[in-house]
Amino acid sequence: MSLLTERFRPKTREEIVGNKETLDRLFNMVKTGNLTHCILEGFPGVGKTTVALVIARQLFGEFFRSNFLELNASDERGIEVVRNQIKTFAKTSPLNATFKILLLDEADQLTPEAQQALRRTMETYSGICRFIFSVNNLEKIIDAIRSRCETFRFGPIPVSDMALRLCYIYEQEKGTSSVNVASAMQKIAEYSHGDMRKAINHLQLLLASGEELTEASVDSIKPINYGKLIFDSLQKGRLLEARKHLQTALELGYKEDYIIELLHNSYIDDLTLDSNTKAEAVFNLCETDFRLTQGVNAMLAMDNLLYQLLRK
Ligand SMILES: Nc1ncnc2c1ncn2[C@@H]1O[C@H](COP(=O)(O)OP(=O)(O)OP(=O)(O)O)[C@@H](O)[C@H]1O
Ligand SMILES: [Mg+2]
C-alpha cells in the first residue's frame, strides 16, 4: 500500500486546509504571475512543501518539470551544494516562463557558510530564479537571507479542518460514506496536535490494521506523550526517572525542541500549579530552547533544564 500522505498530497490551492490568511496572501501574489523570494516557516507536516509544489504547478503548468527544482538541505548541508546544484539550476534560463523556482526544503539545516554563499547567488540570478525556503526554525536562517525574502508563517492545522480532510481521504479510499467514522476522525485529529502528515499516517495505520474505526481503536494508537511523563516525574521530584523518559524520547527520534514544546504544554495545561511556578518553568524552557538554537551541547542543555525544573 503506497503512502496515503503522498497520494493525497494536495494538487491545488483548494485542497490545502488550514492557514487561510497565509495562503490567501501567498496565492494573491501568485495570481499576479509574480513571486518574491519566500520563506515558508513553521510547524512540521502542515503543507509547506506542498504549497511550494502547488505554486510551481500553477505558474508553470506543463513546463513544471523544467522550471522547478526541489533540493533537501538536510541531505547536503554544506557549501558544495550551493556552488554546484543550486548555482547550476539558478543560472540557466527558464523554459516558457519569466523565472524558475528553486525550493530549498529544510533550509534551516544549511550551515551558516552555505547560507552566506547563497545570498550572492540569490542576488545575481534573482531576475530568472526565485527561491522558496521551507524551514521549521526561522532563527537558524541568517539575517541577510531573511531580509531578501517575504516570510509566510504556517501554524498547526485546526482539529475541525483536519477531521474533514481525514473524512474525505477515508471516503476516497473506502468508497463509502464517512458518517459512521466521523467521531473517530475527530479523535485522530485531536491526537495529531496540528500535524496533518501525522494524522494521515495514523489513519493509514488504522486502515491497515483492519480493525473497525471507532474512538476506542483510535485510542489504541494514541502516542505516548513524553513531555507529560517527564513533567510528572519532575513534579514528584524523581530526577532519574525524568531523565530516563527523556533518553527514551530522544532514542525514538524526538527532537529536543519538540520535547520542550510538549513540556511547555504540560506546564500550561496543569491546573494545580500557581502562576509563579509556571512563569519560572516557562522562562527556563524558553532559555533552553534559545540555547539549543545557538548550537550548545543538546544533552547538557536538556540535563540542565531537568535540574532547573525539578520540584525540590
Ligand atoms: N494543509 C494541508 N492540507 C492537506 N494536506 C496536508 C496539509 N499539510 C500536510 N498535508 C499532508 O501531509 C503531507 C506532508 O505535507 P508537507 O510535506 O507539505 O509538510 P511540510 O509542512 O513541508 O512538513 P515539514 O516541515 O516536515 O517539511 C502532504 O503530502 C499531505 O498529504
Ligand atoms: Mg517540507
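1. A residue is called buried if 20 or more other C-beta atoms lie within 10 Å of its own, exposed if 12 or fewer, and partly exposed in between. Cys149 has 19 other C-beta atoms within 10 Å, and is therefore partly exposed. The model under discussion is a predicted one.

2. Cys149 sits in the loop that runs between α7 (143-146) and β5 (150-154). Leaving aside residues up to four places away in sequence, Cys149 touches Thr36, His37, Cys38, Ile39 and Phe133. Leu26 is 123 residues from Cys149 along the chain, and the C-alpha atoms of the two are separated by 12 Å.

3. On the overall layout, the protein is divided into domain 1 (19-154), domain 2 (159-219) and domain 3 (226-309). The centres of domain 1 and domain 3, taken over C-alpha atoms, are separated by 34 Å.

4. Ligand 1 is surrounded by 22 residues, of which the closest are Arg9, Gly47, Lys48, Thr49 and Thr50. Sorted by class, this shell holds 9 nonpolar, 8 polar and 5 charged residues. At least two residues of the shell come from each of α1 (4-7), α3 (48-60) and α10 (196-209).

5. Two helices, α15 (residues 275-293) and α16 (residues 298-309), pack with their axes 10 Å apart and at an angle of about 175°. Angles over 145 degrees count as roughly antiparallel, and α15 and α16 are therefore roughly antiparallel to each other. In this contact, Ala281, Asn284, Thr288, Arg291 and Leu292 of α15 meet Ala298, Ala301, Leu305, Gln308 and Leu309 of α16. The residues of the contact divide into 6 nonpolar, 3 polar and 1 charged.

6. A remark on backbone angles follows. Most residues other than glycine have a negative phi. Asn96 is not a glycine, yet has a positive phi of about 55°. Asn96 is placed in the loop between α5 (79-91) and β3 (100-105). With 10 other C-beta atoms within 10 Å, Asn96 is exposed.

7. His193, also a residue other than glycine, has a positive phi near 45°. His193 belongs to the loop between α9 (182-191) and α10. Is His193 exposed or partly exposed? His193 has 19 C-beta neighbours inside 10 Å, so it counts as partly exposed.

How values were computed
Residues numbered from 1 in each chain as written. Chains lettered and ligands numbered in written order. Predicted model: local features only at pLDDT ≥ 70, side-chain atom pairs only at ≥ 80, totals over all residues. Near = placed C-beta within 6 Å. Helix = DSSP H or I, 4+ residues; strand = E, 2+ residues; numbered from the N terminus. Nonpolar A, V, L, I, M, F, W, Y, C, P; charged D, E, K, R; others polar. Domains from an automatic or database assignment. Contact = placed C-beta atoms within 7 Å. Axes fitted to C-alpha atoms, helices over the stretch in contact; angles between N-to-C directions. Parallel < 35°, antiparallel > 145°, perpendicular 65-115°, else oblique.
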